Each structure stands twice: as C-alpha cells, then as structure tokens.
Amino acid sequence: MSRRPAPSGARHVIAYNWPLYLAGTAVAVGGTLAARRLRGAARAVSWAVAGAGAWWTAASLAASHAVYDRSPLHDWTWLAPVLSTAGRPGGPGRHLVVSAGLDEASGPISALHPGCEQTVADLYDALPVVEPSLRRARRRVPPRPGTVACTPYALPAPDASADTVIAPFALHELRTAADRNAVFGEVARVLRPGGALVLVEHCRDPANIAVFGPGAEHFMPRSRWLRTAHAAGLRPVSERRLAGLVTVFTFVRPAR
C-alpha cells in the first residue's frame, strides 16, 4: 500500500502558490530598483510598494511555517478537547469530513479514532471556480479511496445520522452566499440533535490581513461564519485559535 504524502507544510504552500510568491518578490525587487532612480513623492511610493511586497511575502511564509509546520493543526489531537466542549467527550462518533479538493484531515482523524465510522465528502467537482493553487494541491494529495463527491446542496448522509461534521479549510471555497447557506443547511440536516460541526478556517481579521495581505480577501470574516451558522439553526459553543491565525469554530445542532 502506498503511503499518503506528509501533511502540507510551508514548502508545499510555496509550491501550491508559487505565482503569488513570485509576484510578491517581483514587486519588492521592482519597487526597490524604481526607488533608487526616482525622487520625491514617487520615490517614497516606490519604497512603500517595495516594502509591502517584501513584508507580505516574508510574513506569509513565516505564518505558513507557524501554522502548518509548528502548530498542532495537522496532528488533530486538539479535536477531542474541542468536541468535549460540545458534549462529545468520546470523540467524533459517526462523522462526516467535508473537503474541497485537499483532504489532509480524514486520515489522521481516522487513525486517532479508529472505532468511529467516517465518510469523506468532497466538494471539489461542485466548485464554480477552482483556484490553480487548489489544482496543484490536489495533484499532490489525491482523494482517499471511498471519498464521495458531493455538492453544497446534497451532503452524502441521511437526515440526523451524523454525530459530527468536520470541515477543515473547505467551506471558504464556496464563493457565493447561496452555496454557503446551502451547505450549512445540509450540515444541520445530517447532524443528529446535539451533534457538532467543527469548522476550521482562516478568518479575514487583522492578524490574517497583516500577514497575508491581499491574500486574506480569500477568507471569510468571523461574523459571516457566525451569521451563516445561526441562519441554519446551529449554535456556537466554542472558538479556539491555532498559531494565532486559524480559528476552530464548534457549533451544535440544539436538541429539540
């Protein structure tokens, strides 16, 4: 049996997003060269542009290393304590892992909780826009055998059948409010009363904007996730930060 690739770290982030890092380096170098030839306000602007390009290139690399290489994100040992806050001290139970082209969660979760039934649902084929970086990541980490293709409007589980739904870095790939509302509605449908959604995302907040710059536009604000969950009837029970940049939201479907 072939081994799965090691979880993506900072060097893989560079490989997935190399055009952005190349552009940031070009801006830094180009702005510096221009500033040496200009005077007055134009020179100040060129230095500012060069500094912004250098900062966001270096800061995003450092942040990626902190999150993906140095934090406990990929080992998933934090999942059990998070689920305990939602009233599930025994682990995820029957659970659904929702991915959007890059699934590096289902394997570790299955290994930590081998007695729990798992289904992996992949939104990749339903995405209206697939970023080139996501295509590169998918080539490196193909779907696990048994992964089920799905859409935001139809998750592969019966009503009230799942104890937990886990969605790591997947739902922000749904760019329209209609698609996000639909998938949260589906999560509420498949969760049993008292079941939990664990949502793992970068948020568009000051910390992420500071280190990822324009790239943070790809993320959703925290308030949008909370509103979408509320509209689906899911109640927030905890939030946790990993490496200061990743937010782990835990929502529950209230028992009625």
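Predicted model: local features only at pLDDT ≥ 70, side-chain atom pairs only at ≥ 80, totals over all residues.
Biologist: Which residues touch the most other members of the largest nonpolar core?
Modeller: A nonpolar core is a set of buried Ala, Val, Leu, Ile, Met, Phe, Trp, Tyr and Cys residues joined through side-chain atoms within 4.5 Å. Buried means under 20% relative accessible area, exposed over 50%, and partly exposed in between (1.4 Å probe, protein chains only). The largest core has 33 residues, and those touching the most other members are Val-165, Leu-171, Phe-184, Leu-197, Leu-199, Trp-225 and Leu-234.

Biologist: Which element gives the most to this core?
Modeller: Helices (H or I, at least four residues) and strands (E, at least two) are DSSP runs, numbered from the N terminus. At least two core residues come from each of β1 (95–99), β4 (162–168), α7 (177–190), β5 (191–202), α9 (222–231) and β7 (246–252). With five residues, the top contributor is α7.

Biologist: Which residues does Leu-171 touch, not counting residues up to four places away in sequence?
Modeller: Contact means heavy atoms within 4.5 Å. By that rule, the partners of Leu-171 are Val-98, Leu-123, Arg-180, Val-183, Phe-184, Leu-199, Glu-201 and Trp-225.

Biologist: How many residues are in the second, separate core?
Modeller: Among its members are Val-13, Leu-73, Ala-86 and Val-198. The count for this second core is 29 residues.

Biologist: Which residues lie closest to the centre of the largest pocket?
Modeller: The search uses a 1 Å grid over the protein atoms alone: a cavity is a set of points where a 1.4 Å probe fits but cannot get out, a pocket is an open set with protein on both sides within 12 Å along at least five of seven lines, and lining residues have an atom within 4 Å of a point. Grid points are joined across faces, edges and corners, and a volume is the space filled by probe spheres set on the points. The largest pocket has a volume of about 1300 Å³. It has 42 lining residues, and the closest to its centre are Val-13, Asn-17, Ser-133, His-218 and Phe-219.

Biologist: Which element gives the most to that lining?
Modeller: Two or more lining residues come from each of α1 (10–16), α2 (18–37), α3 (40–70) and α6 (132–140). The one that gives the most, with seven residues, is α3.

Biologist: What is the volume of the largest cavity?
Modeller: The structure holds one cavity of 30 Å³ or more. Its lining includes Ser-99, Asp-122, Arg-138 and Thr-147. By class, that lining has four nonpolar, three polar and three charged residues. The volume is about 40 Å³.

Biologist: Why is the pair of Phe-249 and Phe-251 called stacked?
Modeller: Rings of Phe, Tyr and Trp (its six-membered ring) pair if their centres lie within 6.5 Å; planes under 30 degrees apart count as stacked, over 60 as edge-to-face and the rest as tilted. Phe-249 is buried at 1% relative accessible area, and Phe-251 is buried at 0%. The ring centres are 5.9 Å apart and the planes are at 15 degrees, so the pair is stacked.

Biologist: Is Ala-243 buried or partly exposed?
Modeller: Ala-243 sits in the loop between β6 (235–242) and β7. Its phi is near 55 degrees, a positive value in a residue other than glycine. At 36% relative accessibility, Ala-243 is partly exposed.

Biologist: Which residues does Arg-222 touch, not counting residues up to four places away in sequence?
Modeller: Arg-222 is in helix α9 and is partly exposed, at 42% relative accessibility. Its C-alpha atom is separated by 8.7 Å from that of Thr-247, 25 residues apart along the chain. The contacts of Arg-222 are Cys-203, Glu-239 and Phe-249.

Definitions and conventions
Residues numbered from 1 in each chain as written. Heavy atoms only, no water. Nonpolar A, V, L, I, M, F, W, Y, C, P; charged D, E, K, R; others polar.
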